[in-house]
Amino acid sequence: MIPGPIRSFLNNRHLIWQLARRDVVGRYRGSALGLVWSLIQPLLMLCVYTYVFGVVLQVRWSDRLQDQGEVAFAVILFSGLIVHGLFTECFTRAPTLVIENANFVKKVIFPLEILPYTVLLSALFHTAVSMVVLLAAHVILDRDLAWTVVLLPVTVAPLLILMVGITWLLASLGVFLRDIGQVTSVISTVLLFVSPIFFPVERLPETMRGIVYLNPLSLIVDQVRAVVLYGRMPDWQALGLYTAIALVVAQLGYMWFQRTRRGFADAL
């Protein structure tokens with residue numbers, strides 16, 4: 001028997017795709033360059049990181065890439081920020097997801113549970129563009145690209161599962177507790193600075209490393225860098241455990257959303 005979250009995605013995949021496409025296009029509607037901004041923005045940010053951290057501050061990362069020289073701090077930082085950006089876009093939009101689509105709530109035949117999928121696909125589009133910029137910068141700096149980069153989707157997949165579950169939960173809570181949106185913004189910032197984005201975990205005392213890995217972004221950031229920048233195989237055991245937890249969260253989030261959706265119309 002197919003689980004509810006998967007069944008809903010498969011049955012409504014065409015609608016999900018259309019809504020996600022509308023979300024992406026709508027973000028740049030009216031601008032002169034349109035979707036080109038999705039490429040320009042990460043490219044400009046990478047240039048800023050390179051100038052500030054590489055030229056002005058001359059910050060260096062302790063890790064080395066296949067003994068071919070030190071990896072530019074800006075590229076390592078950018079790879080972590082891409083993961084954080086993917087998570088944050090869904091995490092901060094989730095509390096207002098149902099509220100912003102209130103017109104769908106009163107339509108009995110509309111499957112509200114697909115809304116998190118549309119946000120996730122929209123976030124994935126921008127992540128994919130940023131990843132292209134990252135890979136191009138890495139090739140320019142290192143003049144090489146490890147074959148392990150093909151494992152990138154497998155590395156990110158557990159985070160996507162977790163994000164869908166959290167989005168279902170927050171989208172439901174956001175209907176009844178409007179302050180949730182303010183809380184998620186703060187939490188998102190906290191997660192940024194307590195994950196190994198600006199520093200390698202090895203610099204921390206061993207007693208604190210476990211605390212850092214309680215952050216849902218930490219493992220994924222490390223594994224993305226491993227397969228993209230360092231040419232290493234991912235930690236399959238850690239990813240397996242992460243995936244198991246993510247599946248539980250996704251199922252619980254879906255069940256909570258479906259149970260509480262009956263009260264959406266009254267709350268709105």
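This is a predicted model: local features need pLDDT of at least 70, side-chain atom pairs count only at pLDDT 80 or more; totals for chains, interfaces and linings use all residues.
**Salt bridges**

I searched the whole structure and got three salt bridges. I took D23 and R93 to begin with: their closest N and O atoms are 2.9 Å apart. D23 sits in helix α2 (residues 13-28) and R93 in helix α4 (residues 73-93), so this pair ties together parts 70 residues apart in sequence. I looked up the cover on D23: it is partly exposed, at 22% relative accessibility.

R93 also bridges to E89, with closest N and O atoms 3.9 Å apart. Both are in helix α4, four residues apart, which means about one helical turn between them. E89 counts as buried because its relative accessibility is 15%, under the 20% cut-off. I noted D23, E89 and R93 as a linked salt-bridge network.

Next I checked E113 and R261, whose side chains meet at 2.8 Å, N to O. E113 is in the loop between α6 (102-105) and α7, R261 in the loop between α12 and α13 (264-267), and 148 residues separate them. E113 is buried at 8%; R261 is partly exposed at 23%.

**Surface patch**

I found a nonpolar surface patch of W147, V150, V154, M233 and W236. Together they have about 560 Å² of accessible area. W147 lies in the loop between α7 (115-142) and α8 (152-176). W147 is exposed, at 58% relative accessible area.

**Helices and a buried histidine**

I looked at α11 (residues 218-228) against α12 (residues 236-260). Their axes come within 11 Å and cross at roughly 140°, so the two are oblique. The crossing is left-handed.

Last, I looked up H138 in helix α7. H138 is buried, at 3%. Its C-alpha is 8.7 Å from that of V228, 90 residues away in sequence.

Technical notes: Residues are numbered from 1 along each chain as its sequence is written. Side-chain values use heavy atoms; hydrogens and water are left out. Patches are made of residues with over 30% relative accessible area and no salt bridge: like charges are joined within 9 Å, nonpolar side chains (Val, Leu, Ile, Met, Phe, Trp, Tyr) within 5 Å. Accessible areas come from the Shrake-Rupley method with a 1.4 Å probe; for residues, only the protein chains shown count as cover. A salt bridge is a side-chain nitrogen of Lys or Arg within 4 Å of a carboxyl oxygen of Asp or Glu. Buried means under 20% relative accessible area, exposed over 50%, partly exposed in between (1.4 Å probe, protein chains only). Axes are lines fitted to C-alpha atoms, for helices over the stretch in contact, and angles run from 0 to 180 degrees between N-to-C directions. Angles under 35 degrees count as roughly parallel, over 145 as roughly antiparallel, 65 to 115 as roughly perpendicular and the rest as oblique. A crossing is left-handed if the near helix is turned anticlockwise from the far one by less than a right angle, and right-handed if clockwise.
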